[in-house]
Amino acid sequence: MKDKIIQKAAELHFIYGIKNVTMDQIAQELGISKKTIYQYFDNKNELVKYTVDYIFDKIQTEIDKICLMKLNPYEELLRIKSIIKEMINKSDHSPYFQLKRYYPEIAKSLEERKFKSIMECLEHNLKKGIKSGYYKDDLDKEFIKRMYFSNTLSLSNPEIFPPELFDRQETMDMFLKMFLSGISTKKGRKKLKEVLKK
């Protein structure tokens with residue numbers, strides 16, 4: 001039952017936004033009493049924390065699977081981008097920025113986990129790209145990783161990229177193409193064009 005509550009809360013948070021979902025609504029959707037939810041969670045804050053961990057772990061598992069595949073570095077990052085896009089498409093409410101505003105401690109913990117995950121993923125990807133001759137071999141990997149991380153955060157910030165002016169999918173596509181072109185060799189840019197046409 002605890003897992004069912006977390007999964008339903010995650011689903012509703014994406015549809016309506018974290019701030020807008022009540023314990024009553026979650027209980028109603030599951031056909032249980034609010035009292036049952038409080039048997040597993042002391043308050044909404046605790047439920048939100050579990051929900052965030054559940055979503056993060058789900059995405060991380062999918063990313064880990066992709067990193068174990070024998071893909072070229074471009075296909076790898078594009079597959080990862082597809083997973084992120086799929087999650088973004090489930091919501092019009094910028095869950096991360098609601099989290100940051102109303103649950104800052106949970107947002108801070110999530111940001112730390114995201115940072116560690118992205119740094120490890122990019123380290124693996126950059127090494128693969130350099131070894132294959134697709135990425136430039138003189139890259140400052142630490143700078144590139146941090147630049148990528150800060151830019152991906154900015155892309156989902158509605159204050160910087162208002163959704164009425166910027167389509168989130170197109171913005172993410174443009175950024176990734178620009179990022180990959182910038183770190184690629186001539187051989188790499190040719191391969192990137194082939195991969196993007198698929």
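1. Helices (H or I, at least four residues) and strands (E, at least two) are DSSP runs, numbered from the N terminus. I66 lies in helix α4, residues 44–68. The protein chain has 10 helices and 0 strands.

2. This is a predicted model: local features need pLDDT of at least 70, side-chain atom pairs count only at pLDDT 80 or more, and totals for chains, interfaces and linings use all residues. Residues are numbered from 1 along each chain as its sequence is written, and side-chain values use heavy atoms, with hydrogens and water left out.

3. The C-alpha atoms of the protein chain fill a box of roughly 60 × 35 × 30 Å along the principal axes. Buried residues are 41% of the 198 in the protein chain. Buried means under 20% relative accessible area, exposed over 50%, and partly exposed in between (1.4 Å probe, protein chains only).

4. Is I66 buried or exposed? I66 counts as buried because its relative accessibility is 6%. Contact means heavy atoms within 4.5 Å. Leaving aside neighbours within four places in sequence, I66 is in contact with L71, E76, R79, I80 and I83. I66 and R79 are 13 residues apart along the chain, and their C-alpha atoms are separated by 7.2 Å.

5. Next, the salt bridges. Side chains of opposite charge can pair when their charged atoms come close. A salt bridge here is a side-chain nitrogen of Lys or Arg within 4 Å of a carboxyl oxygen of Asp or Glu. By this rule the count is 18.

6. D57 and R113 form a salt bridge at 2.7 Å, N to O. This pair links distant parts of the chain: D57 sits in helix α4 and R113 in helix α7 (residues 104–131), 56 residues apart. D57 is partly exposed at 37% relative accessibility. R113 is partly exposed at 30%.

7. E142 and K145 also meet in a salt bridge, at 3.3 Å, N to O. They are 3 residues apart in helix α8 (residues 141–155), so about one helical turn separates them. K145 is buried at 7% relative accessibility, whereas E142 is partly exposed at 37%.

8. Which pair of helix α10 is separated by about one helical turn? K191 and E194 are, being 3 residues apart in that helix. Their side chains meet in a salt bridge at 3.7 Å, N to O. K191 is partly exposed at 22% relative accessibility, and E194 is partly exposed at 40%.
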